[in-house]
Amino acid sequence: MNMNRLPAVAAKLMFGLIVLVTVAAFFLCSVEDWGTGHWWTSLISIVLAEAACYYCAVPEVKQNRRGDGLPASLTFVTISVLYGAAAIFHTAFFWLTLRISLTSYVVIEVITAAVWAIGMGLAYHFTNYVRNQEDDQRAQMQLMKQMKLALDSVSYALEEEEIEEREALNAGVRELIEKVKYSDPVSHPSMIHMEENLLWQIKELERCVRGLSDQAGETGKVEMSRKLLRDISADLGRRNSQLITLK
């Protein structure tokens with residue numbers, strides 16, 4: 001058996017055992033004057049709560065292997081556990097102690113189940129909202145990371161070029177690396193085109209730098225590299241200034 005499946009298999013066995021014990025307890029404690037309707041209503045409510053806890057906990061077992069999803073799963077499990085506690089309380093208090101009518105008892109159980117469903121729906125909506133926000137934030141940060149990597153590549157490429165202007169160009173690249181490093185990594189959707197253009201310019205700079213040792217086109221490429229460095233620095237400063245106003 002695949003060892004990674006053991007937690008899920010153990011959860012299934014535990015769920016089956018709990019349901020079996022619950023049903024057995026209800027049959028062993030069955031008393032005729034307690035009311036068949038109340039008996040079935042309580043049994044269904046408690047088993048439903050156990051099933052809800054199981055199906056909320058199983059994703060937690062699977063996701064916990066890769067280290068994510070635990071807070072969201074705990075939210076769903078907590079809501080289901082509270083529903084189960086309410087079902088047990090209703091059984092002990094409203095049925096076995098107060099002996100309320102079947103109609104009233106069913107209404108209480110239905111309202112409790114509805115509250116549980118609403119809570120699960122709200123938790124699902126909130127979890128999706130948070131997940132989408134995190135995905136958007138990661139996507140917005142990705143371009144800045146790519147810029148940093150591309151500039152590092154430009155710096156490495158310059159080290160391989162044997163030209164007089166290498167140190168001056170490398171100083172400009174290092175300055176840009178520091179500027180990107182201390183720029184806000186979390187962008188804004190309206191900045192996507194500007195940041196994509198910045199990344200394109202950096203890649204053009206890298207292509208230009210890699211051909212600097214070609215004597216035939218060295219002068220033009222050096223000037224082009226300088227111009228790209230100035231343009232990238234100006235555009236990056238403009239990006240950072242606009243981002244401050246947007247936030």
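Analyst: Of the contacts (heavy atoms within 4.5 Å) between residues at least 6 apart in sequence, 75% join residues at least 24 apart. This is a predicted model, where local features need pLDDT of at least 70, side-chain atom pairs count only at pLDDT 80 or more, and totals for chains, interfaces and linings use all residues. Residues are numbered from 1 along each chain as its sequence is written, and side-chain values use heavy atoms, leaving out hydrogens and water.

The protein has 7 helices and 0 strands (DSSP runs: H or I of at least four residues, E of at least two).

Now to your pocket. The second largest pocket has a volume of about 170 Å³, the space filled by probe spheres set on its grid points. A pocket here is an open set of points on a 1 Å grid, fitting a 1.4 Å probe, with protein on both sides within 12 Å along at least five of seven lines. Helix H1 (6-28) and helix H2 (36-63) are the elements that each give two or more residues to this lining. Ala11, Met14, Phe15, Ile18, Glu50, Cys53, Tyr54 and Ala57 have an atom within 4 Å of a point and so line the pocket. By class, 7 of the lining residues are nonpolar, none is polar and 1 is charged; Tyr and Cys count as nonpolar and Glu as charged.

The unreviewed UniProt entry lists residues 9-27, 39-58, 70-96 and 102-124 as "transmembrane region", an annotation that may be inferred rather than shown by experiment. In the model, residues 9-27 are 100% helix, with end C-alpha atoms 27 Å apart. Residues 102-124 are also 100% helix, and there the end C-alpha atoms are 33 Å apart.
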